[in-house]
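Q: Please take a close look at a single part of this structure. What surrounds it, and how is it connected to the rest?

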Amino acid sequence: MTTTEETVRVKTPEAAAEIRAPQKSREELEKKEVFLSGRKITRVFSGNGQRKAAVDNVDFDFRRGEIVSIVGESGSGKTTLAKMILGLLGITSGELVYNGKPRDISTHAKRREYWRDIQAIFQDPFSTFNIFNKVDSVLLDCIRLMGWKRLPMEEKVEKMREACSFVNIKYDEIGNKYPFELSGGQMQRLMIARIFLLKPKLLVADEPTSMIDACSRATILDMLLKLRDETDMTILFITHDIGLSYYISDTVYIMEHGKVVERGDPDSAILHPTSDYTKRLIGDVPKISERWTFDD
Ligand SMILES: Nc1ncnc2c1ncn2[C@@H]1O[C@H](COP(=O)(O)OP(=O)(O)O)[C@@H](O)[C@H]1O
Ligand SMILES: [Mg+2]
C-alpha cells in the first residue's frame with residue numbers, strides 16, 4: 001500500500017503521480033450526476049463595525065462518488081464553507097442546489113431530511129463523542145438511526161463487528177471502552193466506522209487527520225478512498241495540506257481569503273497552477289513540485 005508520507009516525499013510530478021491513490025478518471029466522473037452545487041455562495045461576518053466576507057462568491061459542483069479537496073491556509077474560509085454546506089451556518093447570499101432543487105432547510109423537518117444524507121467528521125474526534133458513552137453505544141446509535149432498531153441483538157452486533165473490521169479495529173476489544181480509553185488514531189477509525197454504518201451520500205471531513213500521526217493519517221486516507229469506492233459517496237475533504245489533497249482528490253479547489261483561486265483535477269491545479277497563491281502554497285511544500293537534484 002502506498003502511503004501519504006511517500007507521496008509528499010516524492011519530488012517529481014511524474015513520480016508523485018505514480019504513487020498517488022487511484023483517482024476516478026475524468027471521463028468516468030463526468031458521467032456521474034452533479035448532486036450538490038453552489039452559485040455565488042457568500043458568507044459575511046460583521047463585528048467591530050466591519051463586514052468581512054469569509055466566503056466570497058464561491059461556485060462549486062460536486063458529483064456522486066467524487067472526492068473533492070478544499071485547500072487553503074488557516075482563515076481562508078474552508079470551515080465556513082463547510083458549515084454552510086452542512087446547514088449549520090446561514091448563507092448571506094448565493095444559492096445551493098441539492099438533487100436538482102434549491103436546498104431548503106427552512107423547517108426542522110426539512111433540516112432533518114437533509115441531514116439524513118450528510119455526515120461530517122472533524123479534526124477533533126473527542127469533541128464528537130459523548131464521553132460517557134461507550135463505543136458500543138456510539139455504534140448502536142448509528143444502528144438506530146438507520147432504522148435497524150428491531151433487529152435481533154446478534155444481528156446488530158454483526159453489523160457493528162463488520163463496521164469495526166472495515167476500519168481494522170476489533171469490536172470485541174473496544175466495544176466496552178469509553179472514548180477516552182482509545183488513541184487518537186482509534187478514535188478517527190471509530191468515526192469512519194460510524195460513516196460506514198450510516199452510508200451518507202455526502203461526507204464532509206474537515207481536517208480529519210491533522211491531529212493524528214503520519215502513519216494513522218495514511219491509513220485514514222486510504223479508508224476514505226475505500227469508502228468512496230464501496231458506496232459511491234461524495235467526500236469533501238478539507239485540508240491546509242496541499243500534499244494530502246494531491247494524494248486523495250479527484251478535484252481540488254484552492255481558497256484564498258474566501259475566494260476560489262484555482263479549481264481542477266490535481267494534475268492541473270497543483271502541478272500546473274495558474275494562481276500565484278497556489279504557486280506559493282506549493283512552494284511551502286517543496287516535496288511535490290521540486291525536481292531531484294544530486295549534489296556530489
Ligand atoms: N463566527 C464567526 N464570526 C466572525 N468571524 C468568523 C466566524 N467564523 C469564522 N470567522 C472568520 O472567517 C474567516 C474564515 O474562517 P474559517 O472558515 O474558520 O477558515 P479556515 O477553516 O480556512 O481556517 C476567518 O477570518 C475567521 O476569523
Ligand atoms: Mg477550519
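**Strand β8 and its neighbours**

A: Isoleucine 70 has isoleucine 238 of β8 as its bridge partner. This is a predicted model, in which local features need pLDDT of at least 70 and side-chain atom pairs pLDDT 80 or more, while totals for chains, interfaces and linings use all residues. Residues are numbered from 1 along each chain as its sequence is written, and chains are lettered from A and ligands numbered from 1 in the order written.

Helices (H or I, at least four residues) and strands (E, at least two) are DSSP runs numbered from the N terminus. Strands pair when DSSP finds at least two bridges between them. β8 runs parallel to β3 (residues 67-71), with five bridges, and parallel to β7 (residues 202-206), also with five bridges. From β7 the chain passes through helix α10 (residues 214-231) to β8 in a right-handed β-α-β crossover (clockwise from the first strand over the helix to the second, with the strands pointing away from the viewer).

Six of the six residues of β8 (residues 234-239) are buried, so the strand is largely enclosed by the rest of the structure. Buried means 20 or more other C-beta atoms within 10 Å of the residue's own, against 12 or fewer for exposed and partly exposed in between, with C-beta atoms placed from the backbone. Thr234, Leu236 and Ile238 point one way, and Ile235, Phe237 and Thr239 the other.

Leu236 is also among the residues with the most contacts inside the largest nonpolar core, which has 67 residues. Such a core is a set of buried Ala, Val, Leu, Ile, Met, Phe, Trp, Tyr and Cys residues joined through C-beta atoms within 7 Å.
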